[in-house]
Number of protein chains: 2
Amino acid sequence: MSSSADQYDEPLFYQVMQYARTADRDVVDMVSGNPDWEPPRALRAGLTTYADADVDEFQYPPSEGLTRLRESICEQQSIDISRVLITHGAAEANYLAMATALESYSGQEFVVVDPVYPYYPGKATMLGGTVTRVPVRKDGHLDVGAMQEAITNDTVAVICNTPNNPTGAVYRQSSLQSLAEFASTVDAALIVDEVYARFDFTGQFKTALTLAADNVIVTTAFSKSMAITGFRIGYAVFPSHLVDQAATRHMLVMVSASRPAQAAVAAALKQTGSNYYKETRAMLRHRVQSFIEGLETAGASYIRPEGAFYVLARFDGFSGTLRNVKRLIDEAGVAGMPGAAFGSSYDEWMRFSLCTDRTTTAGDRLAAFF
Amino acid sequence: MSSSADQYDEPLFYQVMQYARTADRDVVDMVSGNPDWEPPRALRAGLTTYADADVDEFQYPPSEGLTRLRESICEQQSIDISRVLITHGAAEANYLAMATALESYSGQEFVVVDPVYPYYPGKATMLGGTVTRVPVRKDGHLDVGAMQEAITNDTVAVICNTPNNPTGAVYRQSSLQSLAEFASTVDAALIVDEVYARFDFTGQFKTALTLAADNVIVTTAFSKSMAITGFRIGYAVFPSHLVDQAATRHMLVMVSASRPAQAAVAAALKQTGSNYYKETRAMLRHRVQSFIEGLETAGASYIRPEGAFYVLARFDGFSGTLRNVKRLIDEAGVAGMPGAAFGSSYDEWMRFSLCTDRTTTAGDRLAAFF
């Protein structure tokens, strides 16, 4: 057994959040990606209804997930129900995708972008795989040429997250199609994590389920889109030839996703119209704008997000180290994340989450500080 | 990566349940271990209250679990809170225990009893380990001598489940103490799954947390004790030197257990007195007795369970094959499980679950059939 989860460092998230929480002043928390807005109304109602259900509804659901929840997903995504597994959030979906790739494709190297959400390298190491990081372009988009160069016979999967955390880039369908085809030539999978799909400001996002390829695994969750990161409900869509393998691992590790949470999400998914997501996007657009105005006054460089809910910013002569992040907490009253938490190519930068209604205050404080 | 979950066969459970469900007659379902009794009242109330909570309570809880839930557990079990991880049911608890053993002890062989709950060998294979089965004694108890003989330098962990599914044996504390000590001499762990701890009819059960050893991992869940197998809330208690390793894997695969279910269980654990469990045991004792009367009339051999909620029975000249199980469904209207689902040493036997209020009917039908 070559697993070695101990090579995984606890994310800087926790250190920063802990520091901000114990600061001796008021701090605008722009560290965590925990939504601060309301879930769909039908979600609360669905949970209340479930609490009164007959006791047989408190027992094991089908391992692959509640049928009505899978059906709603398939209706929205136009895919065959047999390909969908309801998972314990995107965390399990990505774990299943990566473990299944290691079992079913050749090689053991995961190719990821830099900067990257740190759980992918953490999972890769835990599963006994290796990690190769490929810097993105200056605008946060995929450098497809550099990624193709990085893909070798030892590559087992390429992992992309779009809309992206932390850059906010919404990847082009043509880039993903190229990567899927290129991965295919070395017997590797393309894993696309679409957990921020509902937070696309460009109107251009298209799910990777529409790619013309049979080596694409799509992972996602309702954690962000329904403001329920603690519920732990997501799903993975596998190519038909990989479903049984993934379903077996899912059954052995989980049996099934938690049923109260599945029941609540099923109710919400059925009854929530596109307006709910539209209103959340409008609110986030407003937060982006108000925060960016402060950044401009502060003379910062920044990437305007095309999707998700984070802003990467860089301050001249004030790099994105943990030390400087702590200074901003103490002296400006704004808590962000060090860019180094996501890799080396953006370590001059800081990431600011928009999960707060005090983005104007935060922008003003940064403007005053710099 | 040596994982190969594809070597794991889907349990016979599913085949039998499917067959019973589509039978052309009324069938008493004694296949599944899904409780058919009510959860604690405070559990439903806890879930209803949670549905109205502020949105920040819908977000990620601490990865190791809600503090108030861990505190209640520690109060009951008299252990240090730092050793407790709230898991996604016993399934994740056992997965974490086995994976952590593989990472932290030497060897790759899991020693289990025969008959055995089939998920342990399934998980072992998935994790790249091997499995050695040691037949239990005729009364379902551990054959400690035979187990010690089976333990080698390649052994990474011994796995015991007490009260036991399927034999109903409640293992002696002295047997477990011997196994823990013996495992220690070959740098192996003892994993004790106590998911049926609340279903001890002998009054002799003691948690393995009281063993004098630092290589014992205890796993359990509220799935059976609170009649909520679908909620997926359990916990694992690790020796202090293994907690960080296990917590990292838990964070990478799960982030945390589902929060609505944790909140409901926390409320139920705080407010439910011992009477709830006592009443459930009394009801199950009654079911054992009524079913066994039928078995006696049928001339069957059986093991009277000391704990859990299953009865192993053997009918002369009618071995516990899948074919005979199907005959009983069609001709007697009683669905049990083939003993072969649990290994080879009890393949003459069938297991009957007591998760039905029609145990008298089932006993009568078996008596009439044989």
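**Helix against helix.** I note here that the model is a predicted one. For the geometry, I read that the axes of helix 2 (residues 41–51) of chain A and helix 2 (residues 41–51) of chain B come within 9 Å and cross at roughly 170°. Because angles over 145 degrees count as roughly antiparallel, I describe helix 2 of chain A as roughly antiparallel to helix 2 of chain B.

**The whole contact.** I then widened the view to the contact between the chains, which takes 53 residues from chain A and 53 residues from chain B. On the side of chain B that touches chain A, the elements giving two or more residues are helix 2, helix 4 (89–104), helix 5 (119–126), helix 8 (243–254) and helix 9 (259–271) of chain B. Helix 4 of chain B gives the most to that side, with 7 residues. I recorded the classes for the side of chain B that touches chain A as 27 nonpolar, 15 polar and 11 charged residues.

**The sheet of chain A.** Next I traced an open sheet of 7 strands in chain A, with mixed pairing and the order 2-8-7-6-5-3-4. Strand 2 (84–87) and strand 4 (130–135) of chain A stand at the edges with a single partner strand each, so one side of each is left without a neighbour in the sheet. From one strand to the next, the twist averages 20°. Within chain A, strand 5 (residues 155–161) and strand 6 (residues 189–193) run parallel and are joined by 5 bridges, and Ala157(A) stands opposite Ala189(A) in strand 6. I also saw that helix 3 (residues 67–77) of chain A packs on the sheet, touching strand 2 and strand 8 (234–237) of chain A, and that the direction of helix 3 makes about 120° with that of strand 2.

**Strand 7 of chain B.** Is this strand buried or exposed? I found 6 of the 6 residues of strand 7 (residues 216–221) of chain B buried, so the strand is largely enclosed by the rest of the structure. Val216(B), Val218(B) and Thr220(B) lie on one side, with Ile217(B), Thr219(B) and Ala221(B) on the other. Strand 6 (residues 189–193) of chain B runs parallel to strand 7 and is joined to it by 4 bridges, with Val192(B) partnered by Val218(B).

Technical notes. Residues numbered from 1 in each chain as written. Chains lettered and ligands numbered in written order. Predicted model: local features only at pLDDT ≥ 70, side-chain atom pairs only at ≥ 80, totals over all residues. Pairing = 2+ DSSP bridges. Axes fitted to C-alpha atoms, helices over the stretch in contact; angles between N-to-C directions. Contact = placed C-beta atoms within 7 Å. Parallel < 35°, antiparallel > 145°, perpendicular 65-115°, else oblique. Nonpolar A, V, L, I, M, F, W, Y, C, P; charged D, E, K, R; others polar. Buried ≥ 20, exposed ≤ 12 C-beta atoms within 10 Å, placed from the backbone.
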